[in-house]
Amino acid sequence: MNKPSQSPWRRGVAASSIAFALTLSACESEAPVAEPETSLDEPIEEALPVMGPERVILGFGDSLMAGYQLPEEQGYPEKLEAVMRTRGINARVIDAGVSGDTTAAGLQRIGFVLDNLEETPDLAIVELGGNDLLRGFTPDQTRENLTGILDALAARDIPVILMGMRAPPNYGAEYQASFDGLYPALAEEYDAALVPFFMAPLLENPSLLMDDRIHPTAEGVEEMVAATVDDVIAALPEEDS
């Protein structure tokens with residue numbers, strides 16, 4: 001799928017290593033794959049016709065947003081757009097993910113990204129923080145950087161859905177509580193929607209991870225979309241009359 005909405009930010013930098021792999025690596029055995037249950041009596045869900053004005057969503061994040069080592073059409077923004085369109089929503093999801101980005105790097109480029117969009121998005125997905133764990137950021141540093149990103153979006157009246165991250169337990173209980181707690185606290189402060197843990201489907205089923213035990217496979221991305229699409233739709237502001 002060759003879409004004009006795909007951004008140059010996707011080309012990004014080298015692969016990120018997200019520190020909560022330490023959490024995921026505890027799941028050494030792959031979950032058994034259940035055979036799909038099919039029945040001729042089950043109704044087949046048909047895609048709804050796409051209707052209404054275009055709803056533009058900015059996907060701003062790191063390798064989880066950029067679709068690390070996946071074909072472009074299999075990344076999270078692209079899959080999210082496809083699912084939303086099957087539900088009749090005229091969605092266009094802009095992929096502004098850069099592999100390796102910390103919240104500090106995101107803060108540095110958020111203004112550039114917003115200035116270079118053709119139009120103001122209806123919603124921004126903010127997904128950052130995993131690489132902060134790898135690079136030893138304190139929770140206060142992550143909070144400060146995310147605050148700057150949310151301020152930049154609020155200044156342009158762009159609603160936000162914040163994708164939460166979680167610190168691995170070996171960072172210590174105090175660090176873990178501070179880091180994990182900053183996402184719900186910021187969501188409340190900025191009246192943003194919140195997905196508590198963006199990677200939850202991967203933690204529950206490690207067979208959805210690539211061999212690096214960090215990044216999702218194409219199937220993993222589909223599960224992440226399935227787990228979050230309702231939240232994204234709910235976070236979209238009502239259409240203008």
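This is a short tour of one predicted model, stop by stop.

Before you click, note that residues are numbered from 1 along each chain as its sequence is written, and that side-chain values use heavy atoms, with hydrogens and water left out. Because the model is predicted, local features need pLDDT of at least 70 and side-chain atom pairs count only at pLDDT 80 or more, while totals for chains, interfaces and linings use all residues.

**Stop 1: the sheet.** Switch to cartoon and pick out the five strands, which form an open sheet in the order β2-β1-β3-β4-β5 with parallel pairing. Strands here are DSSP E runs of at least two residues, helices are H or I runs of at least four, and both are numbered from the N terminus; two strands pair if DSSP finds at least two bridges between them. At the edges stand β2 and β5 (193–195), each with a single partner strand, so one side of each has no neighbour in the sheet. From one strand to the next the twist averages 25 degrees; angles run from 0 to 180 degrees between N-to-C directions, and axes are lines fitted to C-alpha atoms, for helices over the stretch in contact.

Now select 123–127 and 160–163: these are β3 and β4, joined by three bridges. Look for Ala124, which sits opposite Val160 in β4.

Stop 2: Go to Arg87, in strand β2 (residues 87–97). Its relative accessible area is 36%, so Arg87 is partly exposed (buried is under 20%, exposed over 50%, partly exposed in between, with a 1.4 Å probe and protein chains only). Beyond its neighbours within four places in sequence, Arg87 touches Leu48, Val229, Asp230 and Ile233, contact meaning heavy atoms within 4.5 Å. Arg87 and Ile233 are 146 residues apart in sequence, yet their C-alpha atoms are 9.9 Å apart.

**Stop 3: helices.** Select 76–86 for α3, which lies across β1 (48–61), β2, β3 and β4 and runs at about 170 degrees to β2. Next comes α4 (103–115), lying across β1 and β2 at about 140 degrees to β1.

Among the residues making the contact are Leu107 and Ile110 of α4 and Leu146 and Ile149 of α6.

**Stop 4: Ser63.** Finish at Ser63 in helix α2 (63–66). Is Ser63 buried or exposed? Ser63 is buried, with a relative accessible area of 2%.
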